[in-house]
Amino acid sequence: MRILAIAVAVGVGVSTLSAPASAAPQPAGSLGPATPLGLSGASPHADLLPDGTVRLYFPSPQSGGTAVAECTQAGACSIVGSIERIADLTDVVLRDGSRRAYFVEFDPSTQQKAIFTAPLSPENVHLRDRSSVGISSGGAMAWGVPDSVLLPDGRVRLYWVEPSPQGGMATEVVASATSTDAAGTAFVRDPGYRTTGGRVDFEVLRAEPGNWLAIMSTSPEDPQNPQRLLLATSDDGLDWTVGPKSLTPADMSYLDPTGIPLGQDSFLVYYAKAPNVLGDRQYELEQATLTVETLTVETPAVSDTEKKKKKKKKKKKKKKKKKR
């Protein structure tokens with residue numbers, strides 16, 4: 001049986017969180033040393049550009065919306081632009097090579113926050129022809145942070161956070177919708193939820209047939225329960241197994257993860273870090289390398305004694321049949 005396992009980081013404290021039962025294997029996690037990016041903000045989204053640089057989009061008070069930074073993979077960043085009045089931008093490259101963005105914006109027709117979409121300009125800092133995808137907040141506060149991913153068949157799937165129907169603190173769920181077209185503009189909500197129990201800020205790192213990997217954070221609770229980064233695996237991107245071990249220590253809160261592939265089993269992950277305090281917090285962006293190790297678990301060999309026992313049982317069954 002093929003499973004995913006990630007080595008435990010040396011010198012990094014981890015904590016546990018119960019995970020829902022699923023057929024997929026439970027991932028465990030490890031992040032390498034952190035590199036501060038010198039950027040203040042939260043909810044980053046990372047794009048790997050053809051020249052090897054990384055484009056980071058993140059809400060920033062100084063930009064009046066979403067700041068756009070260009071970074072080397074070593075972590076040297078500079079601001080190259082901003083996009084006004086939007087937050088939580090995510091994007092995909094469609095089958096035709098065009099780049100389409102999804103983001104949260106205030107919808108004047110409903111007086112609520114909603115997920116909008118628009119093509120990204122060639123320089124990746126301007127949005128054209130914005131339109132709603134029909135997913136709105138319903139007035140909820142704990143809502144948003146969408147993630148978009150291109151499915152193996154060319155359609156687009158969106159994931160976002162919304163309040164649990166049962167209510168309560170740190171009980172948010174992750175919902176999803178899948179596009180009905182290859183353009184990624186019309187969506188139908190998927191049944192059920194992808195995660196429950198306050199697992200938020202969902203980001204798919206890998207979407208291969210039968211081999212999905214995602215990273216997420218836990219919901220803010222109180223200073224004694226800092227936000228943590230967790231991993232999850234899935235066969236289809238709908239039913240997920242969330243690993244119980246935290247990727248991050250308990251000295252700070254870690255949230256809003258995003259990432260780019262460095263190789264089949266390695267990712268450069270970006271996230272926000274903040275003190276474990278209630279109320280207003282200062283958010284700083286960091287990066288670290290996540291390494292995934294694929295292990296093959298061999299089926300235990302049947303001993304000679306067990307083989308003999310099975311043969312005896314078969315002989316007894318045959319004798320009983322003859323008597324009848």
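Two strands count as paired if DSSP finds at least two bridges between them. Strands here are DSSP runs (E, at least two residues), as helices are (H or I, at least four), numbered from the N terminus.

This is a predicted model, in which local features need pLDDT of at least 70, side-chain atom pairs count only at pLDDT 80 or more, and totals for chains, interfaces and linings use all residues. Residues are numbered from 1 along each chain as its sequence is written, and side-chain values use heavy atoms, with hydrogens and water left out.

**View 1. β8 and β9 pair side by side.** Strand β8 covers residues 99–107 and strand β9 covers residues 112–119. Their pairing is antiparallel and runs over eight bridges. V104 stands opposite I115 in β9.

**View 2. Four strands form an open sheet.** The order is β7-β8-β9-β10, with antiparallel pairing. β7 (87–93) and β10 (131–136) are the edge strands; each has a single partner strand, so one side of each lacks a neighbour in the sheet.

**View 3. R85 and E105 form a salt bridge.** A salt bridge is a side-chain nitrogen of Lys or Arg within 4 Å of a carboxyl oxygen of Asp or Glu. The R85 to E105 distance is 3.7 Å, N to O. R85 lies in the loop between β6 (77–84) and β7, and E105 lies in strand β8, so the pair ties together parts 20 residues apart in sequence. Buried means under 20% relative accessible area, exposed over 50%, and partly exposed in between (1.4 Å probe, protein chains only). R85 is exposed at 56%. E105 is buried at 10%.

**View 4. D153 meets R155.** The closest N and O atoms of this salt bridge are 2.8 Å apart. D153 is partly exposed, at 45% relative accessibility. R155 is partly exposed too, at 32%.

**View 5. K273 bridges to E286.** The closest N and O atoms of this salt bridge are 2.7 Å apart. K273 lies in strand β20 (residues 266–274) and E286 in strand β21 (residues 284–291), so the pair ties together parts 13 residues apart in sequence. E286 is buried, with a relative accessible area of 7%.

**View 6. D47, D91 and R99 join in one network.** Salt bridges that share partners link these residues. The salt bridge count comes to ten.
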